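Q: Hi! Could you walk me through the pockets in this one?
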Amino acid sequence: MKVLMINHFPLTGSGSGTYTRNIAVHLMKKGHEVSIVMPENATKFATIPGAGIYPVFFTYDEELVNALPFNFPCFTTHPRSTMTFFDLSDSQFKAYLCAFETAINKAVAEFKPDMIHVQHIWLLSWLAATTGVPYVITAHGTDLMGYKQWVRFRKYADEAARGAKRIITISNDNDELVREIFPDCSAKTVFMKNGYDPERFFPEPKTKEQIRELIDVKLSDKLVFFAGKLAYFKGVDTLLDAAKLYEGEHPGKILTIIAGDGELSAALKDQAKKHALHRVHFVGHVDVSQLRSLYSTADVTVVPSRREPFGLVAIEALACGSPVIATNQGGLPDIINDEVGALVEVDDAFGLSDAILNELYRPDKAQRRLSAAKYALDNYTQESLMDTLIEIFNS
């Protein structure tokens with residue numbers, strides 16, 4: 001089978017980008033052919049060996065030939081763009097659609113796909129509908145946030161949903177939202193959880209000296225870790241409020257590392273200064289090998305999101321042997337149980353601090369790490385989910 005994958009975002013820096021990469025790699029492992037249409041704003045960017053790439057270039061921090069004169073838009077934020085779809089002027093909106101229409105039509109003409117798998121019930125799904133090729137959409141959740149927030153784009157999402165062969169949902173919460181927003185499409189929704197790549201995420205703990213070489217931060221006795229966008233819905237401000245509490249109870253003993261970037265980066269750093277958090281460090285964007293090492297070394301990974309459609313970060317952390325403290329909402333309750341972590345309520349800094357401290361100082365930490373890694377490997381590898389996806393394509 002030839003599958004054309006389309007995403008509103010590059011292959012790195014977002015959950016849907018990682019999702020696209022993982023699926024593309026494992027489709028090819030099963031003998032299928034894959035090409036990808038996606039935005040980019042750099043001359044050197046992530047690709048996948050063996051996959052055709054049809055990039056649409058945008059302007060960021062370097063001169064690119066034939067690039068659109070603005071950055072690629074997002075629903076919230078991205079490590080390489082803080083522009084949102086709402087920010088698009090009428091002329092930019094038309095240029096965006098025109099550029100992707102050209103790239104998609106070129107990919108269809110040259111690659112001749114049997115199926116299009118497009119990410120998000122949004123603008124590019126609407127363009128996929130114009131090709132005449134059967135298409136499946138995965139709803140990632142941020143598209144549903146955008147639908148509720150921005151009336152301007154609803155007609156495109158509505159038409160895209162109506163024309164799709166299937167709509168894949170990635171958590172029970174995500175499935176309910178899709179059915180609520182697109183009730184006429186309820187019969188075509190199908191649930192399929194996300195998976196991770198075990199060749200990229202596995203236990204690889206580092207010594208304190210190795211971590212210091214990696215990110216130039218001196219480790220404390222305990223390490224709390226967060227990875228993700230620095231956006232409001234990720235709840236990092238609540239983690240900082242919790243850090244004020246647990247640092248106060250255990251001064252100098254707990255290091256909190258925050259990896260990622262986004263529109264709230266400056267505000268969150270100001271918050272950390274106001275709280276006098278001496279053991280909180282923002283390390284910016286980290287690559288996969290650094291991320292794996294930090295997950296593997298952390299005593300606990302925290303996912304304090306106000307809304308998390310699935311929670312791939314939680315799966316990746318567990319795969320590296322890190323227990324996870326997450327909020328009891330979105331897709332996270334589908335993943336986290338008492339054997340591998342704990343759930344707390346949204347915006348509850350006191351509950352979050354207590355849960356973190358319980359994880360840091362529990363006596364069965366070694367067994368806890370083994371259980372976390374085994375749980376991810378037994379339930380969430382991308383390879384184990386591919387037959388389900390292919391059945392969806394063929395249904």
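Q: Let's start with the second largest pocket: how many nonpolar, polar and charged residues are in its lining?
A: The lining of the second largest pocket has 6 nonpolar, 7 polar and 3 charged residues. Here Ala, Val, Leu, Ile, Met, Phe, Trp, Tyr, Cys and Pro count as nonpolar, Asp, Glu, Lys and Arg as charged, and the others, Gly among them, as polar. This is a predicted model, where local features need pLDDT of at least 70, side-chain atom pairs count only at pLDDT 80 or more, and totals for chains, interfaces and linings use all residues. Residues are numbered from 1 along each chain as its sequence is written, and side-chain values use heavy atoms, leaving out hydrogens and water.

Q: Which helix gives the largest share of that lining?
A: H4, with 6 residues. Helix H4 (142-149) and helix H6 (172-181) each supply at least two; helices are DSSP runs (H or I, at least four residues) numbered from the N terminus.

Q: Switching over, which residues lie nearest the centre of the largest pocket?
A: Gly13, Ser14, Gly15, Thr18 and Val313, out of 43 lining residues. A pocket is an open set of points on a 1 Å grid over the protein atoms alone where a 1.4 Å probe fits, with protein on both sides within 12 Å along at least five of seven lines; lining residues have an atom within 4 Å of a point.

Q: And which helix leads there, giving the largest share of the lining?
A: That's H1, with 5 residues.

Q: What classes line the largest pocket?
A: The largest pocket's lining has 20 nonpolar, 15 polar and 8 charged residues.
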